[in-house]
Every structure is written in C-alpha cells, then in structure tokens.
There are 2 protein chains.
Amino acid sequence: MARKTGSHSDITGPRVRAAALKLFAAHGFAAVSMRQIAAEVGVQAGALYLYTPDKQSLLFDLLRDHMQEVLDAWEAEEKPEGPVKQLETFSRFHIRFHLERPEQVFISYMELRNLEPDNFKALENMRRQYENSLEGILKQGQDEGVFDVDDTKLTTLALIAMLNGVTSWYKPDGRLSLARVEAIYSDMAGKAVRMPRWKARQRKAEAQQAAE
Amino acid sequence: MARKTGSHSDITGPRVRAAALKLFAAHGFAAVSMRQIAAEVGVQAGALYLYTPDKQSLLFDLLRDHMQEVLDAWEAEEKPEGPVKQLETFSRFHIRFHLERPEQVFISYMELRNLEPDNFKALENMRRQYENSLEGILKQGQDEGVFDVDDTKLTTLALIAMLNGVTSWYKPDGRLSLARVEAIYSDMAGKAVRMPRWKARQRKAEAQQAAE
DNA sequence: GGTTGATTTGAACGCCCGTTTAGTTAGCAT
DNA sequence: ATGCTAACTAAACGGGCGTTCAAATCAACC
C-alpha cells in the first residue's frame, strides 16, 4: 500500500489547496490539523509535504494568491470616466468579486494574525495597494469637487469595511439578488461621499463672492 | 508549594478572565492553550478549573458579558428626538464604546465560530437585538421621509460593518482623535441614508400633483 | 517488460493539548 | 494554637499535534 492508482501531482496538488481553503474557512487555521486536511483529500498526512513545505505556507499561498487575483481583476476591469462612475464601478466590482469567493475573503480577514511576520507584511502591502486604488478615486473626486470627503484614507477604510460586510450575511439564494445588492451598496457608497447639491451651490457662491 | 500567599478568588478570578481575553484577542481562541493562560495569571493550569468549568465557557462568558454590556450601555444612553439625531447618537455611541474595548470587540467578531451551537445561538440573538435598535431608527426615519433607504435590514448591516471597521485601524495615539473619528463616521453614516434635498422636493411636488 | 522516478503509506519522533486528582499550604474563625 | 476550608501545585491521563523518513507501489518511458 503506497502510491495510489491514478495519482498525479497535477491532481493532488490543487486538491490539497482546495481542502485547506475549505477547512481553514470553516474552522480556522489554528483549529485545523494537517491530518484533517489529508483526510479531506483522501491521503495520509505525510503526503501533504510533497505539496507544501509546511502548514504556514499552505495558508500564506492561499492568502497571497487571493490578493493577487483581486489586484489583477481590478487592473483588468474597464474603468469609466470620472470619479463618480469609477466609485460605482469599484463598489460593484468589489461586491461581485468578493461574493464569488466567500471562503478566500473569509480567511483573508480572519487568518492574517496566524501569518509569520514576513508573510504578514507581504500581504499587508498587497492590501494597501488595493486600498490605494480606491483612495485614488476619492482623491480625484475631491479635487474635482464632486466628492465631499473629510479624510480620504479614513473614508477608504470605512467604505471597504462597509462593502466587506456583505460577505457576512449574503446567501446566493436569499431574499436579495446579487444585482440588487450591488446596486444598493454602490448607491450607499456614492451617497456617503458625494458633495451635496446645496453644498456645491454654497461653495460656488462663496467662490464668486471671493472673486469680487 | 501549594496555596500562594495573598491569594484570593476575588482576585484570581478576574485575572483569569483578563488573561483569557488578552490572549484570545492576540492569538485566537484555538491557538491559545490553558497553560498559556495560566502562565499569564502566574498559576498552574489546573488552578484555572476553579474559575471555569472548561475552556469553552471561558470564551462564552467573555463574549456574553461584552454583548450584555453593549446592550445595557445603549439602553442607558440618552436618546435625542428624531431619527436623524438618533442615528448620529447611535453612530457616535457605537464608535466610542467599541474603541474603548478593542479586545472584546475583536473576539466578538473573530471567535463566534469557535462557540458550540447553543452558545452561538445565544450570542446571535443578543447581536440581533442590538442591530434591531439601529434598524428601528432607520425605519422611523423612512416613515417620516427624512431617510431614503432601500432596505432597512441590509442598510443596518452595512452601517454596522462600516462602523465596526474603525476597530481594525484606530490607534489612540494616532493621527486622528476619537472625537474626530466619531464625527467623520457619524457624518458618513448620516449622508449614506439621508434623503437628499432635491429628492425630498421632488417627492413633495409629486404628492401635490397627485392631490390635484 | 524492465527500469526509473514520481507518489504515497505507515510508523515513528518529541511535544503539547484539555482536563482530573491527590496532596499541600495559606487564610481565617474559634 | 487548632482546625477547617479555600486556593493551589505537581503529576498524570489519553490523545492529538506538525513533521520526517524508509519502504512500497504505481506511472511512464526505453
């Protein structure tokens, strides 16, 4: 009893990562043992070490790959003109992308503290990169006078936290469709930062007065 | 070597809970051992069982006590008149209360899945009760026409997620003061749900037209 | 069809886990 | 001072942990 019939690293490798993802998301990194992961794959614990140097790398690879996917996908997303529409695009993209990968999103938020310091820093940089793409939109909107934002960094974090919240309750067969949720959240995000018309008029008036 | 000098259950009991809170928040429930908690208290592992029936209860008691504190504190908070001001009061209360208890908040969000089913349900009910107090404000505002909310339940969750986000980055000695953060967040929350003036005028016009 | 290398087993390593228990000491009332 | 009880230690229980490794089996190429 050693090598299994039909076994191949191209098959087992992805299955190991899938099992780890599933179990980490369900029970948490610290609560899941290598033996449980192996059982999910249908293999003995020792065999896992052909596909990962250790348990920590298994977690880190999952988190890093997910963040890279997010960054690449946003890069590839078609951006409309102007910060208002870009904010809507970002909100909708974020909701959609995250709802399609509930397990990755979950562990990306819950298991960061189980990363060793270097791995943690690497992921923090990727996350900041993603946040910067939203903050860029807010800054541009502020410069153009279409957004009324007190502090772009803080607002960025607040918006992302709000959008992330969706993953904690959304169920694909629930009361609300994905399209509806996208619409409601992007609408809320827009309203939270947009310059109110009365305030825009007031500023315009002030500017004219200052010019006289 | 048995009983320590100056030892008393009134002292050790709270110290056990404090150590558990600190360590659970820092490393996660599953990653912390009873021996680590005991070491933090300055006692042997066996002694912990004078203060908790088991590790699970230690976690549950922390979470339940925290949620009860939240509910009691909001109950005791002085409520102004009208949903707009009440939303601001709620936002500011939530931010302030949660920033004063970062560890409790952290474990309340991270460790729910480590609760046994019955304990989980108990806490879920308390959390829903808290959410309902916010949803009540949103509903009232919608009835009075001062809020423009698509779905009160969803909006409730979105706002709470946004407000909770503050706990993941706020540092007491950071760039922004607590008062400033309170102000920014409550302002954003208000703008996200408030009826825009132009829309209110439009509705009023529609109502008049329908009356003729 | 035999050889080689990829894939996996099964057992073992030392260590730590949550919890129980018998025994020991400190605080306190009498 | 004595006795009693609350508080704690030290050791042990069975079990699971992450990881390693020699041996065994299968896939693939000659």
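Which helices each supply at least two residues of the surface near DNA strand C? They are helix 1 (9-27) of chain A and helix 2 (34-41) of chain B, helices being DSSP runs of H or I with at least four residues, numbered from the N terminus.

This is a predicted model, in which local features need pLDDT of at least 70 and side-chain atom pairs pLDDT 80 or more, while totals for chains, interfaces and linings use all residues. Residues are numbered from 1 along each chain as written, chains are lettered from A, and side-chain values use heavy atoms without hydrogens or water.

A residue is near the strand if one of its heavy atoms lies within 4 Å of it. Of the 30 residues around DNA strand C, those that come nearest include A:Gln44 and B:Tyr49. The surface divides into 12 nonpolar, 10 polar and 8 charged residues.

| Residue | Protein atom | Distance |
|---|---|---|
| A:Lys4 | polar side-chain atom | 3.4 Å |
| A:Ser9 | side-chain N or O | 2.8 Å |
| B:Lys55 | polar backbone atom | 3.0 Å |

A cavity is a set of points on a 1 Å grid over the protein atoms alone where a 1.4 Å probe fits but cannot get out; lining residues have an atom within 4 Å of a point. There are 2 cavities of 30 Å³ or more. The largest has a volume of about 190 Å³, and helix 6 of chain B gives the most to its lining, with 5 residues.

Key. A polar contact is a pair of N or O atoms within 3.5 Å; within protein, one must be able to donate a hydrogen and the other to accept it, and residues adjacent in sequence count only if both atoms are side-chain atoms. Ala, Val, Leu, Ile, Met, Phe, Trp, Tyr, Cys and Pro count as nonpolar, Asp, Glu, Lys and Arg as charged, and the others, Gly among them, as polar. On a 1 Å grid over the protein atoms alone, a cavity is a set of points where a 1.4 Å probe fits but cannot get out, and a pocket is an open set with protein on both sides within 12 Å along at least five of seven lines; lining residues have an atom within 4 Å of a point. Grid points are joined across faces, edges and corners, and a volume is the space filled by probe spheres set on the points.
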